[in-house]
Amino acid sequence: MSSTQVGNALSSSTTTLVDLSNSTVTQKKQYYKDGETLHNLLLELKNNQDLELLPHEQAHPKIFQALKARIGRINNETCDPGEENSFFICDLGEVKRLFNNWVKELPRIKPFYAVKCNPDTKVLSLLAELGVNFDCASKVEIDRVLSMNISPDRIVYANPCKVASFIRYAASKNVMKSTFDNVEELHKIKKFHPESQLLLRIATDDSTAQCRLSTKYGCEMENVDVLLEAIKELGLNLAGVSFHVGSGASDFTSLYKAVRDARTVFDKAANEYGLPPLKILDVGGGFQFESFKESTAVLRLALEEFFPVGCGVDIIAEPGRYFVATAFTLASHVIAKRKLSENEAMIYTNDGVYGNMNCILFDHQEPHPRTLYHNLEFHYNDFESTTAVLDSINKTRSEYPYKVSIWGPTCDGLDCIAKEYYMKHDVIVGDWFYFPALGAYTSSAATQFNGFEQTADIVYIDSELD
Amino acid sequence: MRLIEDPSNLVWLVGDLRIGARDIPLDVPPEVDIIDFYWDVILCMESQFILDYNVPSKNMGNNQKSVAKLLKNKLVNDMKTTLKRLIYNENTKQYKNNNSHDGYNWRKLGSQYFILYLPLFTQELIWCKLNENYFHVVLPSLLNSRNVHDNHSTYINKDWLLALLELTSNLNQNFKFEYMKLRLYILRDDLINNGLDLLKNLNWVGGKLIKNEDREVLLNSADLATDSISHLLGDENFVILEFEC
């Protein structure tokens, strides 16, 4: 569904649209659509095949070229220690395309990139150049962003577990925007950062998200009054409302409902507590490349209904993985193999959960290993070289005869990359795997992993320039 | 030595600098030797890192006693060395092991030892030590904890974690270190059964997974002290998480 179609659907709906001239007056409105209308609208979006199309393809030829060049330089017999380490290809051109796509789909929303997702300096610099702002969750992240001569007013401090020392630190660095979801936090803020521009984080229905946040973070709607009361009592500066529907959501109804709930808080603050009109709506993150069209269509629909153009509210978001996941490709080397039977083996690579794939544990990701180099040949372009699941028609055992489990280099039971995978090739020690779209929540770009050496090199390319 | 009672209840007292924890006086009966008690606390903390499989099941009781004795001797020696160094400003090596890596400094003697009591989280005592800017907290087994099975466990998770973060942050009283770091040692079985919720949200609360020490490499290196007890200690029973505070 195009924007126009969404607009048409909206205008023909029975919903009471926000009356701009009266948006802050003491008048209760029924904003939301009835359940059936909403359900039908979202179903229509879900069934729209246009929304299933990916915004663009990754620059595969350029990525392959970079992988090939790097591996080609490694001679197994003579290479120095470390040369066979796993490495990333980072395509900065992909970040640019993703940004352009963001502007196209969500022109009203200013992105604050979640630094924790991947704090790679080159990516941060590029995003800063493109005009993206930053969501920081720790002192280190704030330091890193400020060290790039980025103004503190381009930072939102959004750690849901804020220690008093962090709040003091944010105050000392003039980082003003900050989220909160409980009264205790407000007391800390009152003491250490009373001028802070606060965003009240409300809980959302994140039951379909892979990475659920509202089970832990965010204030339930029935408790919002307690926080508004405390804000008023403490004389703090409530600037807006934020939410986060969690990462990897499959049902975007939660986005619509969260925007609707945010509107309720905006009105409640002004009408029931006499607080100054709120100015910022933070729609959080959880955006993914694969579902971006669908999620943004729902978000636009909700915003047009509850926060239409000209309503005087700045809308911001905290995307993380959207801007980096598809920009990074990881290559890792097969370092050991344990044959269990003729066609079944345990494969050990030189990267894993304790290296650049901690996203398996922390982010519910399931990296897709593909054969990159086997039998003196590169297989990058065979996107079907492996499969996690066999079926009786397209992916049969005869096509994928080799069943493997893939493990990281430690002997730790947690260090499992894939419990069961089927491969076309009988990989051996010295072969290479690659893992596409592995830029989010890996430790790839951590400055220092707690005293340990950084575990992978990053080769930068720019497919928009090269 | 500090006994800290339920920081979660006292995370925040407005206008009071004692944020996140309360020290309570030790009500030790006169017949109890306080020095012995202190030694017991130190031993209890350090013995968390004894590897079970190093204590053969045959004659378990006797073996445990002998391991405890070895550990005690080692701690006494380490303490002696440390005190000598402090008093005479001797340039002696407190420890040979792992000084090249901050990563494993649980092997170093703590400068302060703590007992934490967080009854809303667990009825067990929690053993901790402070070592420069690292606050090491060994979480007890949660498998039998009533709270991990109730519906509010997720909220409780946030509460106890925040309490520990606040406590760690406040241990840096002289602002000597730029960052204080909390190291949580969670038993592997617990993590699989109860702690995955925390693990899956680790990115969101600013935590990191720390690799365990490479025991094989360590045993073959000159870094490890030559006393036999050092070989019986290890961190592989734990999954280690680190938080900047």
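**Reading the labels in a predicted model**

Me: Why is A:Arg201 called buried?

Reply: A:Arg201 has a relative accessibility of 6%. A residue is buried under 20% relative accessible area, exposed over 50% and partly exposed in between, with a 1.4 Å probe and protein chains only. The value of 6% is under 20%, and A:Arg201 therefore counts as buried. This is a predicted model, in which local features need pLDDT of at least 70 and side-chain atom pairs count only at pLDDT 80 or more, whereas totals for chains, interfaces and linings use all residues. Residues are numbered from 1 along each chain as its sequence is written, chains are lettered from A and ligands numbered from 1 in the order in which they are written, and side-chain values use heavy atoms, with hydrogens and water left out.

Me: How do you know that A:Arg201 forms a salt bridge with A:Glu318?

Reply: The closest N and O atoms of A:Arg201 and A:Glu318 are 3.1 Å apart. A salt bridge requires a side-chain nitrogen of Lys or Arg within 4 Å of a carboxyl oxygen of Asp or Glu, so the pair qualifies. Helices (H or I, at least four residues) and strands (E, at least two) are DSSP runs, numbered from the N terminus. A:Glu318 is also buried, at 4% relative accessibility.

Me: What makes A:Arg263 and A:Asp267 partners, and where do they lie?

Reply: Their closest N and O atoms are 2.9 Å apart, and the pair is a salt bridge. Both residues belong to helix H10 (residues 253-271) of chain A; being 4 residues apart, they are separated by about one helical turn. A:Arg263 has a relative accessible area of 5% and A:Asp267 one of 10%, and both are buried.

Me: Are the partners A:Glu384 and A:Lys395 buried or partly exposed?

Reply: A:Glu384 and A:Lys395 form a salt bridge, with closest N and O atoms 3.2 Å apart. A:Glu384 lies in the loop between strand E13 (377-378) and strand E14 (386-387) of chain A, and A:Lys395 in the loop between E14 and strand E15 (402-407) of chain A, so the pair ties together parts that are 11 residues apart in sequence. A:Glu384, at 39% relative accessibility, counts as partly exposed, and A:Lys395, at 23%, is partly exposed too.

Me: Which strands pair with strand E12 of chain A?

Reply: E12(A) and strand E17 (residues 432-435) of chain A pair in the antiparallel sense over 3 bridges. E12(A) and E13(A) also run antiparallel, joined by 2 bridges. Strands pair if DSSP finds at least two bridges between them, so both pairings qualify. A:Thr371 has A:Phe433 in E17(A) as its bridge partner, and A:Tyr373 stands opposite A:Phe378 in E13(A). A:Tyr373 and A:Phe378 are also among the members of a cluster linked by ring pairs, including A:Phe64 and A:Tyr434.

Me: Why is strand E12 of chain A called mostly covered?

Reply: In E12(A) (residues 370-374), 5 of its 5 residues are buried.

Key:
Rings of Phe, Tyr and Trp (its six-membered ring) pair if their centres lie within 6.5 Å; planes under 30 degrees apart count as stacked, over 60 as edge-to-face and the rest as tilted.
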